[in-house]
Amino acid sequence: MKLTIPLVTAITAASMFISLPASLAHASIRSEQLPAAVETQAEAEANPYALRIELYNKLNVLTDIPWYWIAAIDQYERTISKVKPKSRPPLGSTVGVFIDQERWAGILNPDAQDSSPLSIRFFDGIGRDADGDGQAERTSDVDLLYSLVNRISAYGATDDDIAIGLWQYYQNNRSVQRVQQFARIYAKFGKLDLFEHAFPVPVGNNYAYKSTWGTGRSWGGRRTHEGTDIFANHGLPVRSTCYGVVEVKGWNPFGGWRIGIRDLNNFYHYYAHLSGYDKTVNVGDIVKPGQIVGWVGSSGYGKPGTQGKFPPHLHYGVYSDRGLFEWSFDPYPMLKRWEQAELKRLGARN
Ligand SMILES: [Zn+2]
């Protein structure tokens, strides 16, 4: 079950209703503005998020859209540009938004490079001037992000209004769901710096893993192995590797008791063959790196409850969202990095 929006079959705005999980309405941090990250120029240069915080706060004033929605839109755009660098080259320097020329200037605009706010408006382009230089420029960070947020804010600034604005802009449910998920993560933690990671089981314990990505599997026909197996005893805690939102939880014939967590890189982290879940973790919950979500087991390869068809291990996979479908990639190098970083931190503490 996905806790975000119902499937939209009829593509009409009038018949569409997108409701948010109640938990978003009660997110612990609901302030409209982000706390300033820095006070001085030197601090600003040392903090890569300082420019973004300033920009999001400024756009919040201009559009009434809360900062965590603006941050979520910008971050979603950034993740899609990252996986489609050819069709979505960088336009701004701080902002991750991509808007193509036609959409910016208006489809019927004879001047595809138009930067005049007046004629862009006339041709129903979305380009706007927000940095005050009289030009609506696709390469200006402020103009770029403002133009997108402004278009979405045309439907209003409540959570439901924003969901409708997002749907009108992207015309697909996946994009709306992603931006909603990102907004909830940002709102919960009240900051942008949410890219720390943890190894999926407590380091220093008895476990073993090696690179097993792409090898054959025996059960369920011909499938290649999309992940890394971490062999450990039954009951070793399984932890979230990232800041993220629980997207999936429950039985799957292949993965057994499994849990799926979405992070701000738009990666889906998949943990399978668990013996059980931490009772406090449910679909829609926001988690942080190192937080226990379940325990190592040997569930899977059959009907719900099947166990012991193979030695206990955690199957850990990571999938990258490419916009309309997902792509698995080898998590082994990341696992090695996270494990080393944690061992180092532990060593420094002793
Ligand atoms: Zn596996």
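This report describes the fold, the core and selected contacts of a predicted protein model.

## Basis of the model

The structure is predicted, so local features need pLDDT of at least 70 and side-chain atom pairs count only at pLDDT 80 or more, while totals for chains, interfaces and linings use all residues. Residues are numbered from 1 along each chain as its sequence is written.

## Overall make-up

The protein chain has 10 helices and 10 strands. Both are DSSP runs numbered from the N terminus, with helices (H or I) of at least four residues and strands (E) of at least two.

Of the 350 residues in the protein chain, 41% are buried. A residue is buried if 20 or more other C-beta atoms lie within 10 Å of its own, exposed if 12 or fewer, and partly exposed in between, with C-beta atoms placed from the backbone. Two residues are in contact if their C-beta atoms, placed in this way, lie within 7 Å. Among contacts between residues at least 6 apart in sequence, 57% join residues at least 24 apart.

## The nonpolar core

A nonpolar core is a set of buried Ala, Val, Leu, Ile, Met, Phe, Trp, Tyr and Cys residues joined through C-beta atoms within 7 Å. The largest such core has 77 residues, and those with the most contacts inside it are I70, A72, L145, V149 and Y271. Helix 4 (residues 67-83) gives the largest share of this core, 9 residues. The core lies between domain 1 (27-189) and domain 2 (207-349), because both give residues to it. The domain bounds come from an automatic or database domain assignment.

Y271 also has contacts that can be listed: leaving out residues up to four places away in sequence, Y271 touches P200, V238, R258, I259, V293, G294, L314 and Y316.

## Packing of helices 7 and 8

Two packed helices are described by the angle between their axes and the distance between the axes. Helix 7 (residues 141-153) and helix 8 (residues 159-170) pack at an angle of about 115°, and their axes are 8 Å apart. Here axes are lines fitted to C-alpha atoms, for helices over the stretch in contact, and angles run from 0 to 180 degrees between N-to-C directions.

Helix 7 contributes R151, I152 and S153 to the contact, and helix 8 contributes I162, G165, L166 and Y169. By class, the contact has 4 nonpolar, 2 polar and 1 charged residues. In this scheme Ala, Val, Leu, Ile, Met, Phe, Trp, Tyr, Cys and Pro are nonpolar, Asp, Glu, Lys and Arg are charged, and the others, Gly among them, are polar.

## Strand 4 and its partners

Two strands pair if DSSP finds at least two bridges between them. Strand 4 (residues 244-252) runs antiparallel to strand 5 (residues 256-263), and 8 bridges join them. The two form a hairpin with 3 residues between them. Strand 4 is also joined to strand 7 (residues 286-287) by 2 bridges, again antiparallel. V245 stands opposite R262 in strand 5, and in strand 7 the bridge partner of V245 is I286.

Q181, in helix 9 (residues 173-189), touches V245 and R262, not counting residues up to four places away in sequence. Q181 and R262 are 81 residues apart along the chain, yet their C-alpha atoms are separated by 8.0 Å. Q181 is buried because 26 other C-beta atoms lie within 10 Å.

## Strand 9 and its partners

Strand 9 (313-321) is largely enclosed by the rest of the structure, because 8 of its 9 residues are buried. Strand 2 (residues 228-232) is joined to strand 9 by 4 antiparallel bridges, with I230 opposite L314. Strand 6 (267-277) runs antiparallel to strand 9 with 6 bridges, and Y268 has Y319 as its bridge partner.

Strand 10 (residues 326-329) pairs with strand 9 in the antiparallel sense over 4 bridges, and V318 stands opposite F329. Strands 9 and 10 form a hairpin with 4 residues between them, and G323 in the turn has a positive phi of about 105°.

## Two loop residues with positive phi

N266 lies in the loop between strand 5 and strand 6. Phi of N266 is near 65°, a positive value in a residue other than glycine. N266 is buried, with 22 other C-beta atoms within 10 Å.

Y301 is in the loop between strand 8 (292-296) and strand 9. Phi of Y301 is near 65°, also a positive value in a residue other than glycine. Y301 is partly exposed, with 19 other C-beta atoms within 10 Å.
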